[in-house]
Amino acid sequence: MLPLARRLEALLFISPRPIAADRLAEACACSEEEATGALAALRAEYAAGAHGIEVREVAGGFTFAVADDCAEDVRRFTGAERPDELTPALLETLAVVAYLEPVTRAEIAEVRGVSSEYALGALEERGLVEQQGRADTPGTPVLYGTSGRFLKLFGLASRDDLPPLEEFSLGADEVDEIRSRLHANAERRAQ
Amino acid sequence: MRAEASAVAAPPVALELDLDVFDGPFDLLVTLILRDEIDIWEVRVSRIIAEYVLHLADTGEFDLDATSQFVVLVAALLEMKSRLLLEEEVEEELEDLDPDEAAQQLLERLVRYSQYRNAAGGLREAWEAHSARLYRNAPVPAEFLRRRVADGAFAASSLADALAPLLREPPVPDTSHLADLAVSLVKELRRLRLILDDEGEFTFAGVAPRDRLERAVTFFALLELHSSGEARLRQTRHFGDIVVSRITVPAPVTG
């Protein structure tokens, strides 16, 4: 292994949370490019299947994670439980927050068409969503955004890692179908 | 329907109303509104409140339970009425819209919403793939975190330097914007005792200063004189002047 890769390995081993590439470079007194190159080598060394742990980029940095096929053993040993499932309403609210953050309660309700008070509270309680100050608009409403825990639980390196929202747009045929249904309804009401 | 429940549980509000649309006890009016026999549109809640205030003034009694009950019922009426107002507005808005226009607006909202619903599906996949993963999160043992500091790295005087600013007397806060009381209780007591000794009797109005706060101090001093048994306070009617007279202590017998 490269000498620098070994030093980075030691840093990742000792850190309880993900470390960003620039901080790793700083700690090793090397350039960020060198650190990134060594990290790639380290990740190759810990490629899936080679060890019980692997190197992952998540929540804004690099960290060790238990290999997925060893997770059950670790859970049995530590008693750690899997996080509770998210209901469709919670996932939907989370999607709105993740794509629009920072976002106010009213904006979330506007997109979803229903009050999202409960869902937001539940997401906050689970540490997936957090308050991020207040908007500079009348009433100074609270702004919500996603947390570092959100990135970890969804396996995202950063918020930019979310697939673009356009990927989830409806297809032209789906839009047409909704449109014709709505027009049929509107005509029925007009009569 | 909370109003209905509490109307059953709580004591009735004894109030006779004489409104344009209704003449009779308030409780009956509430019951009739709840049964849809009187349209709340026709009822002016402000009139009910005005009548109740008059009723309170007339009876001169303030029954906390009955009044709370009244406030609850009136609040329920206002809530019903405001809801009706809002519903009316929504309906009008929809009626104003051309059906095609309404459908177009709804379509846009649905298309926007669907994006997020689908994105939620994407999040669910990510959740299923990643949420069970265990990341390194054990806290670092304390001895690994502590940085070694060479012996003698800090001079003993640095402790004194750190302490010195704490020992310095902080500047006296500027209180010039606060008006000083012209009288203190002790001074005022002394003044009143002198008057009492000279004249044997005086009135509150005669000795009290103009300023409200200073008058309060004077009054307090009077109470002090009274409780120490030096003076007797008399007031012949409510809000009347107070006559203060010296309680003569029998002179000690000498000889």
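## A loop residue in chain A

Ala59(A) lies in the loop that joins strand 1 to strand 2 of chain A; helices (H or I, at least four residues) and strands (E, at least two) are DSSP runs, numbered from the N terminus. Its phi is near 45 degrees, a positive value in a residue other than glycine. Ala59(A) is buried, because 23 other C-beta atoms lie within 10 Å. A residue counts as buried if 20 or more other C-beta atoms lie within 10 Å of its own, as exposed if 12 or fewer do, and as partly exposed in between, with C-beta atoms placed from the backbone.

Ala29(A), in the loop between helix 2 and helix 3 of chain A, also has a positive phi, about 50 degrees, although it is not a glycine. Ala29(A) is exposed, since 8 other C-beta atoms lie within 10 Å. Most residues other than glycine have a negative phi, and most peptide bonds are trans.

## Model and conventions

The model is predicted: local features need pLDDT of at least 70 and side-chain atom pairs count only at pLDDT 80 or more, while totals for chains, interfaces and linings use all residues. Residues are numbered from 1 along each chain as its sequence is written, and chains are lettered from A and ligands numbered from 1 in the order in which they are written.

The pLDDT is the predictor's confidence in each residue, from 0 to 100. Chain A has a mean pLDDT of 88, with 97% of its residues at 70 or more. Among the elements of chain A, the mean is lowest in helix 9 (75) and highest in helix 5 (93).

## Composition of the chains

Chain A contains nine helices and five strands, in the order α-α-α-β-β-α-α-β-α-α-β-β-α-α from the N terminus. Of its 191 residues, 25% count as buried. Two residues are in contact if their C-beta atoms, placed from the backbone, lie within 7 Å. Among contacts in chain A between residues at least 6 apart in sequence, 48% join residues at least 24 apart.

Chain B has 10 helices and five strands. Of its 255 residues, 11% count as buried. Residues 24 or more positions apart make up 58% of the contacts in chain B with a separation of 6 or more.

## Helix 3 of chain A

Helix 3 of chain A (residues 32-45) has 14 residues, which at 1.5 Å a residue should span 20 Å; its end C-alpha atoms are 20 Å apart, in agreement. The expected span is 1.5 Å times one less than the number of residues.

The buried residues of helix 3 of chain A are Ala35(A), Ala38(A), Leu39(A) and Leu42(A). These residues cover an arc of only 110 degrees around the axis, which puts them on the same side of the helix; the arc is that of the directions from the helix axis to the C-beta atoms. The exposed residues Glu33(A) and Ala44(A) are on the face turned away from the buried side. The cover over the buried residues includes helix 1 (3-14), helix 2 (21-28), strand 1 (53-58) and strand 2 of chain A.

The peptide bond from Glu101(A) to Pro102(A) is cis, with omega near -5 degrees. Pro102(A) belongs to the loop between helix 5 and strand 3 of chain A.

## Strand pairing

Chain A has an open sheet of three strands in the order 3-5-4, with antiparallel pairing. Strand 3 (103-104) and strand 4 (129-134) are the edge strands, each pairing on one side only. Two strands pair if DSSP finds at least two bridges between them. Strand 4 and strand 5 (residues 142-146) of chain A pair in the antiparallel sense over four bridges, and Gln131(A) stands opposite Tyr144(A) of strand 5.

In chain B, strand 4 (residues 231-235) and strand 5 (residues 242-246) pair in the antiparallel sense over five bridges. Ala231(B) stands opposite Arg246(B) in strand 5 of chain B. This hairpin has six residues between the strands, and within it Phe239(B) takes a positive phi near 65 degrees.

## Interface of chains A and B

In the model, 42 residues of chain A are in contact with 36 residues of chain B. On the chain A side, the elements that give two or more residues are strand 2 (61-66), helix 4 (71-78), helix 5 (88-100), helix 6 (105-112), helix 8 (148-153) and helix 9 (172-190). Helix 9 of chain A gives the largest share, nine residues.

The residues of this side divide into 29 nonpolar, five polar and eight charged. Ala, Val, Leu, Ile, Met, Phe, Trp, Tyr, Cys and Pro count as nonpolar, Asp, Glu, Lys and Arg as charged, and the others, Gly among them, as polar.
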